[in-house]
Amino acid sequence: MGQQAAKIPARPVVAQGKTRICVAGFGFSHHTHRAGNVARAIVQANPDQYESWFHFNSRNYPELLRQVKSELPENQQKQFADHKSAPFCWLELADGTLKAKGGRDGLCQWVLSSGQFSTQRYDEVLGLASSEVSLLEAWVDKTPGTAPGQREETE
């Protein structure tokens, strides 16, 4: 029997009043790992406002990336048409709006420039978003996100 393709997990509707931070990428990537940790730190600092959704799977990341980019508004589809690296990060709102951030650098730029994370509550988030990524971070933490239905994935 041939190898079965990994399934892309469903992304349930975002709860009213929350923003879902989504990070998808390869299972071995220092940039993917850091992006996941930035998202985790945001959710930990403010779980009433944020939740996370992750998909870290090297086999089907390109398929997921194509799928997510096809769901973006037309202007964002054009903006991120050439994005092929990992990770890809985006926000999902309760009204169904998707706001792509791009790679880890785009997610970190959003954190640093949005003004939403300027209080002491977000010190860890700001530290992760403003510091250099180490190659020692290549093993991605595959702990599931906090969005309903998330489960640990295996490669």
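1. Arg 40 is buried, with a relative accessible area of 18%, where buried means under 20% relative accessible area, exposed over 50% and partly exposed in between, with a 1.4 Å probe and protein chains only. Arg 40 has its place in helix α1, helices being DSSP runs of H or I with at least four residues and strands DSSP runs of E with at least two, both numbered from the N terminus. Leaving aside neighbours within four places in sequence, Arg 40 is in contact with Phe 54, Phe 56, Asp 141 and Thr 143, contact meaning heavy atoms within 4.5 Å. Between Arg 40 and Pro 9 there are 19 Å in space, C-alpha to C-alpha, and the two are 31 residues apart in sequence.

2. On provenance, this is a predicted model, in which local features need pLDDT of at least 70 and side-chain atom pairs count only at pLDDT 80 or more, while totals for chains, interfaces and linings use all residues. Residues are numbered from 1 along each chain as its sequence is written, and side-chain values use heavy atoms, with hydrogens and water left out.

3. The sheet is open and consists of four strands in the order β2-β1-β3-β4, with mixed pairing; two strands pair if DSSP finds at least two bridges between them. Its edge strands, each pairing on one side only, are β2 (50-56) and β4 (98-102). On average, neighbouring strands of this sheet are turned by 20° against each other, direction ignored.

4. Strand β1 (residues 19-25) pairs with β2 in the parallel sense over seven bridges. Within this pairing, Phe 56 in β2 is the bridge partner of Gly 25, and Val 23 stands opposite Phe 54 in β2. Seven of the seven residues of β1 are buried, so β1 is largely enclosed by the rest of the structure. Both of its faces are covered, with Thr 19, Ile 21, Val 23 and Gly 25 buried on one side and Arg 20, Cys 22 and Ala 24 buried on the other.

5. Ser 52, which lies in strand β2, is buried, with a relative accessible area of 2%. Not counting residues up to four places away in sequence, Ser 52 touches Arg 20, Ile 21, Val 43, Gly 145, Thr 146, Ala 147 and Gln 150.

6. The hairpin of β3 and β4 has four residues between the strands, and in it Gly 96 takes a positive phi near 95°. Although β4 is an edge strand, four of its five residues are buried, so β4 is largely enclosed by the rest of the structure. A further point to inspect is the cis peptide bond that joins Ala 86 and Pro 87, with omega about 5°; Pro 87 is in the loop between α3 (74-79) and β3.

7. Helix α1 lies across β1, β2 and β3 (88-93) and runs at about 160° to β2, where axes are lines fitted to C-alpha atoms, for helices over the stretch in contact, and angles run from 0 to 180 degrees between N-to-C directions. Helix α2 (residues 61-71) also packs on the sheet, touching β1, β2, β3 and β4, and its direction makes about 45° with that of β3.

8. The axes of helix α1 (residues 30-45) and helix α5 (residues 123-130) come within 8 Å and cross at roughly 165°. These two helices are therefore roughly antiparallel to each other, given that angles under 35 degrees count as roughly parallel, over 145 as roughly antiparallel, 65 to 115 as roughly perpendicular and the rest as oblique. The contact is made by Arg 34, Asn 37, Val 38, Ala 41, Ile 42 and Gln 44 of α1 and by Glu 124, Val 125, Leu 128 and Ala 129 of α5.

9. The axes of α1 and helix α4 (residues 104-113) come within 9 Å and cross at roughly 30°, and α1 and α4 are therefore roughly parallel to each other. Their contact is made by His 31, Arg 34, Ala 35, Val 38 and Ile 42 of α1 and by Arg 104, Leu 107, Cys 108, Trp 110 and Val 111 of α4.
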